[in-house]
Amino acid sequence: MASANHPESGSLSGYGHGSRRILIVTGLSGAGKSSILRVLEDLGHEVVDNPPLNLIQALASRAGPNLAIGIDVRSRGFEASRVLEELERLRLLPDCVVQLLYATAEPEILLRRFTATRRRHPLVTSGTILPGIEQETALLAPLRANADLVIDTSDLPSPELRQLIETRFGSAHGDGLTVALMSFAYPSGLPREADMVFDARFLRNPHYDPLLQPMTGLDEAVVQYVKSDPAYPAFFGHIQSLLELVLPRFVAEGKKYATIAIGCSGGRHRSVTIVEELARILPKAMPVGPMMVLHRELARKGLAPRRWAVPPQDPSQDLSLQDRTV
């Protein structure tokens with residue numbers, strides 16, 4: 001899930017404008033902060049993890065155009081109030097865009113990750129881990145409340161986390177609104193990064209046709225079956241009309257990234273068909289920017305890697321990194 005507390009800073013839209021960009025990355029231990037920093041480093045950011053807080057200003061003054069600084073409870077001199085003070089001082093720098101990214105996850109997920117890796121929680125010297133998670137959550141609460149972007153990695157696999165960071169922070173200046181069209185299955189959970197969600201479960205389900213069940217919405221037989229539902233034309237037309245209304249307004253507001261999610265029961269047939277049709281029609285209907293297609297459930301089974309329906313102009317968003325995990 002991505003949420004914004006400072007809309008004026010473009011928290012859901014990459015960096016916005018400015019010749020220098022500084023991203024402070026913080027969050028709960030085990031929530032993916034290190035993974036996020038590794039992706040940012042791959043994208044060309046200078047990355048410094050856990051510097052003493054009194055060195056942040058010096059790092060910012062000597063950094064190149066893209067700097068990512070990791071800060072958490074292990075950082076020397078850590079106090080949430082001090083981090084916020086340093087953040088405000090950074091925002092006074094001329095021609096500089098500064099943002100705070102916060103990584104979180106549900107306590108049971110964090111507990112499971114620590115148990116699986118046998119890592120020690122930084123706030124627990126002995127005994128159970130859960131009290132340390134609760135203590136850290138309380139210590140970092142002011143940072144979460146002031147974050148420009150909150151990413152919940154509870155059910156976000158490593159490739160999808162990489163995709164999210166690549167697309168939002170991979171381009172220094174951006175080339176319009178980047179739109180991600182995603183199909184998904186409701187039983188597997190709502191995409192936490194989705195800005196708009198449409199439910200296609202009321203359409204006739206090809207799953208119950210023995211010939212169509214093993215196919216996907218990438219197969220023409222399934223496409224024709226889904227489109228033959230009497231409600232399909234009106235449903236698709238309403239989605240298209242709404243997106244043609246909303247997406248240009250996103251562009252006008254300076255938003256750089258939007259995820260449009262279409263869900264169905266299995267994420268294989270109806271939602272895939274609609275996403276593919278949107279990817280075919282939307283680029284002709286409006287000038288946005290890059291447009292990505294991701295079929296979440298098919299991708300998890302290795303059936304359909306994400307792809308660009310409209311490629312980005314910035315080579316830093318190239319999908320050559322798509323199969324790497326973090």
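**Exercise 1: the largest pocket**

Task: describe the largest pocket by its volume.

Solution. The largest pocket comes out at about 390 Å³. A pocket is an open set of points on a 1 Å grid over the protein atoms alone, where a 1.4 Å probe fits, with protein on both sides within 12 Å along at least five of seven lines; lining residues have an atom within 4 Å of a point. Volume is the space filled by probe spheres set on the points, joined across faces, edges and corners. Of the 24 lining residues, G30, A31, G32, K33 and S35 sit closest to the centre.

This is a predicted model: local features need pLDDT of at least 70, side-chain atom pairs 80 or more, while totals for chains, interfaces and linings use all residues. Numbering runs from 1 along each chain as its sequence is written, and side-chain values use heavy atoms, without hydrogens and water.

**Exercise 2: the annotated site**

Task: which residues does the "binding site" annotation cover, and is L28 buried or exposed?

Solution. Step one: the unreviewed UniProt entry lists G27, L28, S29, G30, A31, G32, K33 and S34 (numbered as here; annotations may be inferred rather than shown by experiment). The pocket lining includes G27, L28, S29, G30, A31, G32, K33 and S34.

Step two: L28 has 4% relative accessibility, so it counts as buried (under 20%; exposed is over 50%, partly exposed in between; 1.4 Å probe, protein chains only). Beyond neighbours within four places in sequence, L28 contacts (heavy atoms within 4.5 Å) residues including Y102, E136 and L140.
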